Amino acid sequence: MKRHRKVPFPYVAVDLHKMDIFLQQIINGLVQGSIYALVALGYTMVYGIMGLINFAHGEVVMIGTLVTITVASSLIKAGMPIALAGMAGLTASVLVCMALGWGLERIAYRPLRNAPRLTPLITAIGMSIVLQNVAMIVWGRNYLTFPPLLPKMDFEFAGANFTAVQVIIVAVSSLTMGGLLFLVYRTKLGMAMRATSQNPAVASLMGVNINRVIAAAFIIGSALGALAGIMVGTYYE
């Protein structure tokens, strides 16, 4: 009778260098995903209510970044502290993008609300092209440098490196998405948005102002786009 030799349990070697890379990629993906989530929320708010893909939303994000660069850089050159200049740039960017979102809905999309489905889509592409050319007229074709608004501090965790900017981006994105959830599920405006999304006609019969709800969706989505644009500029400065 043959005796079988016991095979020891296989030893699995852990490459610490690969684990560092894996953790680093998780951190990078979390930061990128936080920015993309804010951009996507602006799309989905409009699409969820109107069923319209707002192709001009990317240009709203772009204009939010450019307004921040212009305002913050001008104030920093004038001698204002960086923190105050950054807050002024953020405020100006959000206000400009909110006004832009309202204008797009009021001028370009509201008159076509009952038109065939293809017409608003073509209009959205047209508004995207218009905003691109307006941005080139106002800011030119040259590269612009985003001013350093946040402190440059590096941290290390389990071999992976991350910066204070990345921490702030994830924290602000999480707080913003939490606030949006509260708005949608715990406020009257959010209830009106959900009702309009399900059945605009019935919501109108129940006293919901459809025009105001849709305009609010564009305004909030544009504000989120402005915030995402600032994060993109800060991250890649």
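Me: How do I read the way α2 and α4 lie relative to each other: roughly parallel or roughly perpendicular?
Reply: Start with the angle between the axes; under 35 degrees counts as roughly parallel. In this predicted model, helix α2 (residues 57-77) packs against helix α4 (residues 118-139) at about 15°, and their axes are 10 Å apart. The two helices are therefore roughly parallel to each other.

Me: Okay, and which residues of α2 and α4 make the contact?
Reply: On the α2 side you'll find E59, M62, I63, L66, V67 and T70, while α4 brings S128, L131, Q132, A135 and W139. Sorted by class, that contact has seven nonpolar, three polar and one charged residues.

Me: What hand does the crossing of α2 and α4 have, left or right?
Reply: α2 passes α4 in a left-handed crossing. Now look at α2 with α3, where the crossing is right-handed. Here the axes come within 8 Å and cross at roughly 145°.

Me: Which residues meet between α2 and α3?
Reply: From α2 come V60, I63, G64, T65, V67, T68, V71, A72, L75 and I76. They meet I82, A85, A88, G89, A92, S93, V96, C97, L100 and L104 in α3. By class, this contact divides into 15 nonpolar, five polar and no charged residues.

Me: Can we zoom in on V71? How far apart are V71 and A88 in sequence and in space?
Reply: V71 and A88 are 17 residues apart in sequence, and their C-alpha atoms are 7.1 Å apart in space. V71 sits in helix α2. Leaving aside neighbours within four places in sequence, V71 is in contact with A88, G89 and A92. The relative accessibility of V71 is 24%, so V71 counts as partly exposed.

Me: Then what about A158, buried or exposed?
Reply: The cut-off for exposed is over 50%. A158 has 53% relative accessibility, so A158 counts as exposed. You'll find A158 in the loop between β1 (154-157) and β2 (160-163). Setting aside neighbours within four places in sequence, A158 is in contact with D20 and L23.

Me: Last one: how many aromatic pairs does a search of the whole structure find?
Reply: The search finds two aromatic pairs. One of them is Y235 with Y236: the ring centres are 4.9 Å apart and the planes are at 65°, so the pair is edge-to-face. In general, you describe a pair of aromatic rings by the distance of the centres and the angle of the planes.

Notes. Residues are numbered from 1 along each chain as its sequence is written. This is a predicted model: local features need pLDDT of at least 70, side-chain atom pairs count only at pLDDT 80 or more; totals for chains, interfaces and linings use all residues. Side-chain values use heavy atoms; hydrogens and water are left out. Axes are lines fitted to C-alpha atoms, for helices over the stretch in contact, and angles run from 0 to 180 degrees between N-to-C directions. Helices (H or I, at least four residues) and strands (E, at least two) are DSSP runs, numbered from the N terminus. Angles under 35 degrees count as roughly parallel, over 145 as roughly antiparallel, 65 to 115 as roughly perpendicular and the rest as oblique. A crossing is left-handed if the near helix is turned anticlockwise from the far one by less than a right angle, and right-handed if clockwise. Contact means heavy atoms within 4.5 Å. Ala, Val, Leu, Ile, Met, Phe, Trp, Tyr, Cys and Pro count as nonpolar, Asp, Glu, Lys and Arg as charged, and the others, Gly among them, as polar. Rings of Phe, Tyr and Trp (its six-membered ring) pair if their centres lie within 6.5 Å; planes under 30 degrees apart count as stacked, over 60 as edge-to-face and the rest as tilted. Buried means under 20% relative accessible area, exposed over 50%, partly exposed in between (1.4 Å probe, protein chains only).
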